[in-house]
Structure formats: structure tokens, C-alpha cells
Amino acid sequence: MSGGFDWIALVEFAAIGLLSGGLLALIALGFVLIYKGTGVINFAMGEFMMLGAYFFYTARVMWSLPDWLALMLTFAGVASCAALVERWLLRPLAGQSVIAVLMATIGLASALHGAVDAIWGGQNYNMPQILPRTPLLLGDVLVPGKVLWSFLLAALVIGLFSVYFRRSRTGVAMRAAASDPVTAYLMGIDVRAMQRLTWIYAGLVGALAGIVVASITSLSPALGTTALGVLAVIILGGLDSIVGAIVAGLIVGVLESLTAGYLGGKVRDIVPYLVVLLILLVRPYGLFGTRRIERL
Amino acid sequence: MRIGDYRQTYEHDESIWPTAVQRAWLAALLLALALFPLVGGAYLVSLMCVLGIHLIAATGLNIMTGYTGLISLGHAAFMGVGCYTAAWLAQRGVPVFVVLPLAGAMAAALGIVVGLPSLRIKGLYLAVATLALQFLMVFVFREWESVTGGVRGTNVPAAEFVGLTLNTDARMAWLIMVCAALLLLGARNLMRTRVGRAFMAIRDKDISAEVLGINLLRYKLSAFALGSFYAGVAGALLGYFYRAMTPEYFTLQLSIFYLAAIIVGGLGSLLGTILGSVFMTLVPEALRALVAVAAQYTPRATEILSPIQQVVFGVLIMGFLVFEPHGLQEIWRRVRRFFHLWPFRS
């Protein structure tokens with residue numbers, strides 16, 4: 001290894017990993033929003049990503065609408081799906097056991113996945129390139145443009161959400177409803193509306209992430225399973241921490257990129273799951289999550 | 001019409017089938033099942049084999065998830081371990097009645113390893129951990145070629161039992177039915193012992209159970225070991241039945257299938273497991289028949305069979321959770337109660 005070791009390749013892998021970690025953090029944000037707001041891990045997150053990507057493809061390519069209109073339609077479509085799910089699936093199950101709620105989202109994932117597959121078919125579509133492709137040269141290190149721009153986009157969205165939750169009236173109300181629904185209710189906050197809004201935001205984040213991921217790789221039903229790998233990110237970061245999602249997203253991104261570079265793509269695909277098992281053994285509440293105290 | 005159910009001794013009260021009528025029905029059912037492979041058509045007999053295997057695996061999952069409250073999204077992985085253990089042993093000439101328990105034991109060993117962290121993590125976290133296990137095991141099945149044959153798969157020689165080669169579906173059906181009956185009886189019996197009661201106490205509130213003197217680690221591990229033992233045996237039978245196996249069979253989709261079966265049937269009920277397994281085995285067959293009819297009108301119908309199946313599974317899971325959380329078992333109980341005194345009381 002000594003002497004002949006290719007340092008530039010290492011830096012390049014790390015840089016690409018760090019940047020693609022931004023996208024992981026964005027997907028993780030979708031999970032964290034729903035977990036914080038309603039205490040549910042949404043196993044159908046990947047299917048929201050799929051929906052977003054397929055809606056966008058249909059509007060942009062099949063109906064050849066302009067970019068902005070296609071994006072608006074996609075967001076409207078996914079937001080209404082998320083609102084329907086919240087109203088007709090999660091609200092009837094409020095207060096039920098963890099198994100029930102978890103299984104409901106798994107059932108939802110299965111149904112949405114099958115529906116997308118049945119409507120659009122299992123083939124690959126080429127998404128239109130919405131991000132600039134000009135690569136960035138940092139010295140000898142080459143960073144693909146798509147990766148760089150998706151990172152910037154993810155950073156922008158996460159930044160906007162952080163400001164929104166800190167500054168805006170609705171954002172603060174959402175945080176209040178998440179941390180103590182009963183008190184929030186007594187203070188005159190419409191907790192149900194806040195939970196609906198949580199699902200809608202998570203759906204929008206998922207749709208955006210889906211469009212970006214599909215335009216980097218390609219559009220096929222396999223897109224739905226990518227979100228399961230992001231579970232590693234949210235477990236590592238702590239289920240209820242946005243900061244955790246960002247940091248863990250970057251860590252997992254680098255890990256994935258390094259294993260892909262040195263050990264091959266097959267090993268890369270199981271890295272997230274190895275990370276999950278290790279973290280759960282060592283520190284189940286993650287790096288930044290709240291340690292849960294159980295009382296009888 | 002039954003007039004009364006008088007239980008006058010403790011033995012009677014504890015018995016699994018308290019009345020003579022129930023025992024008679026059970027005997028009739030067993031006889032019918034034993035004769036069925038002789039008279040049933042090839043399709044029905046193979047369906048019966050698959051159903052028996054699903055039933056064993058679903059019972060294992062119900063012990064873990066329904067009775068003890070430990071969510072597992074990796075049940076297919078345990079089945080895979082059982083299947084590949086059986087293949088490896090059978091290729092070396094080990095007889096079937098040794099292979100089945102060993103395959104179960106191997107899966108149980110993995111179950112104990114996975115169960116160890118379950119003392120610290122539970123609920124959502126346990127679900128994520130078992131999901132991770134599911135993906136890791138599929139990776140192992142694909143890559144450990146010397147044992148599993150990689151993506152091309154492996155072969156299982158036909159089972160030999162007291163001089164009889166179990167190379168037809170009808171003969172396999174008997175083996176599977178015997179295993180299923182024994183394992184179901186075992187599970188039913190377990191639930192009226194201290195161990196079974198401890199499982200249910202842990203499900204209802206694990207901290208309270210610990211305060212009552214139940215050793216959480218021991219019983220959670222037992223639940224994991226038992227559940228994966230059942231899965232391992234089911235996997236081994238699956239290997240003997242199909243005679244060839246590829247890693248593509250033991251995916252997350254199969255794990256979800258079993259979760260769906262126990263939810264549709266009713267969590268924490270063996271009757272529910274039976275009803276759920278039968279229902280979930282028949283649904284894909286019914287869909288296939290429907291698609292075959294639809295294919296005459298639109299050629300695209302066969303293409304969307306598997307996605308439609310996914311949609312139906314998902315909708316069934318969601319529908320039962322929202323509208324009938326106790327599953328088919330509860331519907332069955334309602335129907336029975338209605339006819340109990342019918343037509344004298346509506």
C-alpha cells in the first residue's frame with residue numbers, strides 16, 4: 001500500500017460521499033419530520049419518493065409541461081396523497097400499538113409500490129436533467145455536477161426547514177404539537193392540522209428527494225427501496241434529531257462512497273444495514289437522539 | 001346445539017379441546033387432511049404443501065410477534081437459514097428426520113444472536129434491526145457460494161423416510177402435514193404453560209413483567225429461538241418441496257407476507273394463524289385465476305399480476321388494521337356466536 005497509494009482517489013471518493021450524503025440527509029429529514037411530529041416511522045417514505053419522481057416524469061415528459069408547472073403539479077399530487085394517508089390510515093390508528101402503526105405503513109408501502117409498478121410498468125425511464133451537469137474541479141479532485149448541485153439543493157431545503165421551525169408561527173406550533181400534544185391542544189393549537197401538515201411536508205421532502213435521486217440515477221420501481229437504506233442514517237443520527245440526520249447523512253454518505261470505491265457496489269448496498277446493527281448494539285438512541293426513559 | 005359447557009375438574013378446564021364434539025370434528029379434519037393427497041388433484045395437493053409450510057412459518061412469527069410482541073421484519077431470513085442448512089446436510093446424506101430439527105436449531109441459533117440486543121431495543125428499533133438482518137442475510141445467501149450456490153441456487157436431494165422416497169407432492173404433503181400438526185400442537189400447548197404466559201406478559205408490558213419476576217432476557221431469547229426454529233423447519237421443508245432454492249425466494253417481500261398473514265388472521269391467536277395462512281395463500285391463487293380470465297381481454301393483465309398482488313397485500317394489511325384489528329379470528333368468533341343459539345336467539 002505504501003508509496004503507491006492513490007490519495008487523490010481517496011479524497012475524491014470522500015468528497016463525492018460527503019456531497020451525496022446531503023441527499024441522504026434530505027431523505028432522512030422526511031423520516032425525522034414524521035417521527036418527531038407523530039411518533040411513527042414511515043416505512044412508505046421510499047414510495048413517496050417514487051410517487052414524486054413518477055408524477056414529475058408524467059407531467060414533464062409525457063405531458064411535456066414546463067419544469068415549474070410539472071414541479072407544482074407533482075407537489076400538489078404528493079401533498080394530497082400524504083394528507084389522505086394521514087386522514088384515513090394514521091388517524092384511525094392513533095393510540096394503537098407500535099406493531100399496528102408500523103405494519104400500516106408497511107402495508108401502505110406495499111400498496112403504493114404495487115400501484116406505481118402496475119400503472120407505469122417495471123421498466124427504466126430516463127428522467128430529464130434538471131440539475132446542471134458541469135463538473136467542479138478542486139485541484140486534482142473532480143466532483144460531478146449533479147452530485148454537487150443535489151447537495152446544495154438538499155442543504156437549501158434543510159436550511160429552510162430549520163429556519164421555518166424556529167421562526168414561523170406555524171413551525172413553532174408544529175414543534176409544540178410534536179413535543180406535547182395535550183398541552184398544545186389546550187393552548188389552542190390545532191394538533192390534528194399540525195399532524196396533517198407534518199405528513200404533507202414529509203411527503204413534499206420525499207417527492208423532491210425522489211425527483212433528484214431519479215434524475216441522478218434513473219427512474220424505476222427500485223427507487224422505493226433506496227429509502228430503506230436511509231434508515232441507517234436516522235438510527236445513527238437519532239430518530240428525532242434534524243442535526244443528527246444531517247451529520248449521520250454525511251457520515252453514511254462517505255462510508256458508502258468509500259466502500260463502493262474500494263470493495264465494490266454489492267458491499268456498498270449492505271453498508272447501511274451493517275451501520276444500523278452496530279449502532280443499535282452500541283447506542284440505540286443514536287448520536288443526537290433523545291434517550292427514552294420509560295415509566296409505568 | 002350446545003346446551004352447556006360444564007367443567008368439573010381442573011384437567012378438564014385446562015384441556016385444549018374440552019368437548020367431545022370438538023374432538024370429533026378435529027378427528028374428522030385430520031382424517032380428511034390425511035386422505036386428501038390420495039384424492040386431490042396435483043394442483044390442490046401442491047397448494048396444500050405450500051399452505052402447510054406457510055402455516056408453520058406463520059406460527060413461528062406469531063409466537064414472536066403476536067404472543068411476545070417482538071416485531072420481526074426478518075422472518076424470511078430465518079427461513080433461508082433453515083433451507084440452506086437443510087440443503088447442505090441433505091447433500092451429505094443426512095436423513096430427513098435429523099435434518100429438520102437441525103435446520104430449525106440453526107435458525108434458532110441465529111435467532112438467539114439477533115435476539116440478544118432485543119433486551120435493549122424494542123418496538124420500532126427492533127423492527128429496523130430485523131429489517132437490517134433481512135438484507136444482510138440475503139447478501140450472505142447470494143455471496144457465500146460454497147454453501148448456498150450463490151444466485152444460481154442450490155439443490156436439495158429428495159427426502160428418504162423409512163424406505164420411501166418423498167419425491168412426489170402427495171408424499172411431501174404427508175410429511176408437511178405431520179410437521180405442521182406437531183408444531184401447531186406444540187405451540188398451542190406452550191401457550192398454557194408458564195413460558196407462554198410469560199410471553200404474553202412481556203407483550204402486554206415488559207417492565208411490569210420484569211417486576212413480576214419474569215426474566216426478560218431469558219424469555220425474549222426463548223421467543224426468538226422458538227419463532228426462528230419454526231421458520232427454520234418451514235424453510236427446510238420448503239427446500240425438500242421445491243428441491244431447488246435461490247436467494248430470491250427469501251426476500252423482504254416474504255417477511256411481509258408472513259406479517260400480513262398473522263395480522264389478517266389475528267395477532268396472538270393460533271386459530272388466527274391458521275385462518276390467516278389459508279387466506280393469504282389463497283389470495284394470490286385467486287388473483288392468478290382472475291388475471292387468467294382478464295388476460296383474454298387485455299394482454300397486459302399477466303404483466304401486472306405481481307404488482308396487483310402487492311397492492312392487494314398492502315390494502316389487506318391496512319384494511320384489517322383499521323377495520324378489524326383482531327383479524328379473521330374475530331370474524332370467525334362472531335359468526336360462531338351468532339349460530340350458537342340460532343334460531344332461538346338472534
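**Contacts, domains and chains**

Modeller: Start with Tyr258(B): leaving aside its neighbours within four places in sequence, Tyr258(B) is in contact with Ala57(B), Ala58(B), Leu61(B) and His75(B). Two residues are in contact if their C-beta atoms, placed from the backbone, lie within 7 Å. This is a predicted model, where local features need pLDDT of at least 70, side-chain atom pairs count only at pLDDT 80 or more, and totals for chains, interfaces and linings use all residues. Residues are numbered from 1 along each chain as its sequence is written, while chains are lettered from A and ligands numbered from 1 in the order in which they are written.

Colleague: How far apart are Tyr258(B) and Leu61(B) in sequence and in space?

Modeller: They are 197 residues apart in sequence. In space they are 7.2 Å apart, C-alpha to C-alpha.

Colleague: Which helix holds Tyr258(B)?

Modeller: Helix H12 of chain B, residues 252-265. Helices (H or I, at least four residues) and strands (E, at least two) are DSSP runs, numbered from the N terminus.

Colleague: Why does Tyr258(B) count as buried?

Modeller: Because Tyr258(B) has 28 C-beta neighbours inside 10 Å. A residue is buried if 20 or more other C-beta atoms lie within 10 Å of its own, exposed if 12 or fewer, and partly exposed in between; C-beta atoms are placed from the backbone.

Colleague: What domains does chain B have?

Modeller: The domain assignment gives domain 1 (27-250) and domain 2 (251-346). Such bounds come from an automatic or database domain assignment. The centres of the two domains of chain B, taken over C-alpha atoms, are separated by 21 Å.

Colleague: Switching topic. How many residues does each chain put into the contact between chain A and chain B?

Modeller: Chain A gives 32 residues and chain B gives 35 residues. On the chain A side, H4, H9 (223-237) and H11 (265-282) each supply at least two residues. H4(A) has the largest share, 16 residues. By class, the chain A side has 26 nonpolar, four polar and two charged residues.

Colleague: Tell me about H4(A). Is it mostly covered or exposed?

Modeller: Mostly covered: 18 of its 23 residues are buried. H4(A) covers residues 98-120 and should span 33 Å at 1.5 Å a residue. The expected span is 1.5 Å times one less than the number of residues. The end C-alpha atoms of H4(A) are 33 Å apart, which agrees. Gly121(A) follows H4(A), with a positive phi near 80 degrees.

Colleague: What about H9(A)?

Modeller: H9(A) is mostly covered too, with 14 of its 15 residues buried. H9(A) is followed by Gly238(A), whose phi is positive, near 100 degrees.

Colleague: How many residues are in the largest nonpolar core?

Modeller: 206 residues. Among those with the most contacts inside this core are Ala25(A), Val276(A) and Val233(B). A nonpolar core is a set of buried Ala, Val, Leu, Ile, Met, Phe, Trp, Tyr and Cys residues joined through C-beta atoms within 7 Å. Domain 1 and domain 2 of chain B both give residues to this core, so it lies between them.

Colleague: What does Val233(B) touch?

Modeller: Not counting residues up to four places away in sequence, its partners include Ile56(B), Leu100(B), Cys179(B) and Leu183(B).

Colleague: Last one: what is the secondary structure of each chain?

Modeller: Chain A comes to eleven helices and two strands. Chain B has 15 helices and four strands. Of the 296 residues of chain A, 50% count as buried. For the 346 residues of chain B, the share is 45%.

Note on methods: Nonpolar A, V, L, I, M, F, W, Y, C, P; charged D, E, K, R; others polar.
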